[in-house]
Amino acid sequence: MNKPILTRGGYALPGTSSAFKTGDWRVRKPVYQHVHAPCHGTCPAGEDPQAYIAELDAGRPQQAWEKLVSVNPLPAITGRVAAEGIAAVLAGRELPEKPDSPEITVSFDQLNTNYFEPLARHEQDILPPAERIGEIETERTLAPAQVTAEARRCLSCGNCMSCDNCWTLCPDSAVLRLPEGARESSPYRFDYDYCKGCGLCAHECPCGFIAMTEDL
Ligand code: SF4
Ligand code: SF4
Ligand code: SF4
């Protein structure tokens, strides 16, 4: 089978800087960070909200649900965390430890929010006191369209959303991209022969997925 071809960004025309190996100049090097979003790092049930939100954003509620229950069968009430604690107390055992949280999460100042449009949050309706009868829930749920709209507010913290910014903006065509259909995890690669370490890709990445490291 032929190997997939990596393509260069917008500056890769003949006669441009791709003729020069600008990687020799580099003192800093961009790397793709594989760190977690805050929502993932702080979820007490060990869920990956970013993953199911991405499914909702793509209009796949069934897949979003399957991602949720694959970790916790009762996600709506953080069932596993509470149930395990109660079971431990009743059985006279030590309380179970919280699921491992990733140590590194992306901070807000690592995002480039200029690429996101501010969108108002959809709030759940609260049942008026006069209508709170019996065991009826006081908080109403969001409508499906509101759920999808909420998913669209996600900033994809720390996770590449394939916006092509790094690929198109790199002045040395040092970001390569796998063509559609040949992608496994991230579709992008740095070509360090040509990367001069300017940091533009990291600055323009909306999601904080690229970090600059020393490369002396
Ligand atoms: S913006 Fe999205 S990825 Fe970031 S913390 Fe919120 S839900 Fe998670
Ligand atoms: S924008 Fe291009 S040259 Fe600059 S650090 Fe990123 S990959 Fe390297
Ligand atoms: S700029 Fe960031 S989010 Fe956009 S394609 Fe590059 S790594 Fe992915």
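Colleague: How do the residues of the shell around ligand 3 divide into nonpolar, polar and charged?

Modeller: In this predicted model, the shell around ligand 3 has 10 nonpolar residues, 2 polar and 1 charged.

Colleague: And which residues come nearest to ligand 3?

Modeller: Cys160, Cys163, Asn165, Cys166 and Cys205 do, out of 13 residues around that ligand.

Colleague: What about ligand 2, which residues are closest there?

Modeller: Ligand 2 is surrounded by 13 residues, and the closest are Cys170, Cys195, Cys198, Leu200 and Cys201. Its shell divides into 9 nonpolar, 2 polar and 2 charged residues.

Colleague: Now the largest nonpolar core. Which residues touch the most other members?

Modeller: The core has 19 residues, and those with the most contacts to other members are Cys166, Cys170, Val175, Cys201, Cys205, Cys207 and Ile210. Cys166 is also one of the residues nearest to ligand 3, and Cys170 is among the closest to ligand 2.

Colleague: Which elements give two or more residues to the core?

Modeller: Those are α6, residues 165-169, and α7, residues 200-204.

Colleague: Take Cys201. What does it touch, leaving out residues up to four places away in sequence?

Modeller: Cys201 touches Pro30, Cys166, Leu169, Cys170, Val175 and Ile210. As background, nonpolar side chains tend to be buried together in soluble globular proteins.

Colleague: What does the second, separate core include?

Modeller: That one has 5 residues, including Tyr52, Ile53, Leu56 and Ala64.

Colleague: Ala64 sits in a helix, I think. Which residues of α3 are buried?

Modeller: Helix α3 runs over residues 61-71, and its buried residues are Ala64, Lys67 and Leu68. They lie on the same side of α3 because they cover an arc of only 95° around the axis.

Colleague: Why would residues three or four places apart point the same way?

Modeller: An α-helix has 3.6 residues a turn, so residues at that spacing point the same way.

Colleague: Which exposed residues are on the face turned away, and what covers the buried ones?

Modeller: The face of α3 turned away from its buried side carries Gln62, Glu66 and Val69, which are exposed. The cover over the buried residues includes α2, residues 49-57.

Colleague: Change of topic: in what order do the strands of the open sheet come?

Modeller: The order is β1-β3-β4, with 3 strands and antiparallel pairing. β1 (7-8) and β4 (188-190) are at the edges with a single partner strand each, so one side of each has no neighbour in the sheet.

Colleague: How many bridges join β1 to β3?

Modeller: There are 2 bridges, and β3 covers residues 175-177. Arg8 has Leu176 as its bridge partner in β3.

How values were computed: Residues are numbered from 1 along each chain as its sequence is written. Chains are lettered from A and ligands numbered from 1 in the order in which they are written. This is a predicted model: local features need pLDDT of at least 70, side-chain atom pairs count only at pLDDT 80 or more; totals for chains, interfaces and linings use all residues. A residue is near a molecule or strand if its C-beta atom, placed from the backbone, lies within 6 Å of it. Ala, Val, Leu, Ile, Met, Phe, Trp, Tyr, Cys and Pro count as nonpolar, Asp, Glu, Lys and Arg as charged, and the others, Gly among them, as polar. A nonpolar core is a set of buried Ala, Val, Leu, Ile, Met, Phe, Trp, Tyr and Cys residues joined through C-beta atoms within 7 Å. A residue is buried if 20 or more other C-beta atoms lie within 10 Å of its own, exposed if 12 or fewer, and partly exposed in between; C-beta atoms are placed from the backbone. Helices (H or I, at least four residues) and strands (E, at least two) are DSSP runs, numbered from the N terminus. Two residues are in contact if their C-beta atoms, placed from the backbone, lie within 7 Å. Two strands pair if DSSP finds at least two bridges between them. The arc is that of the directions from the helix axis to the C-beta atoms.
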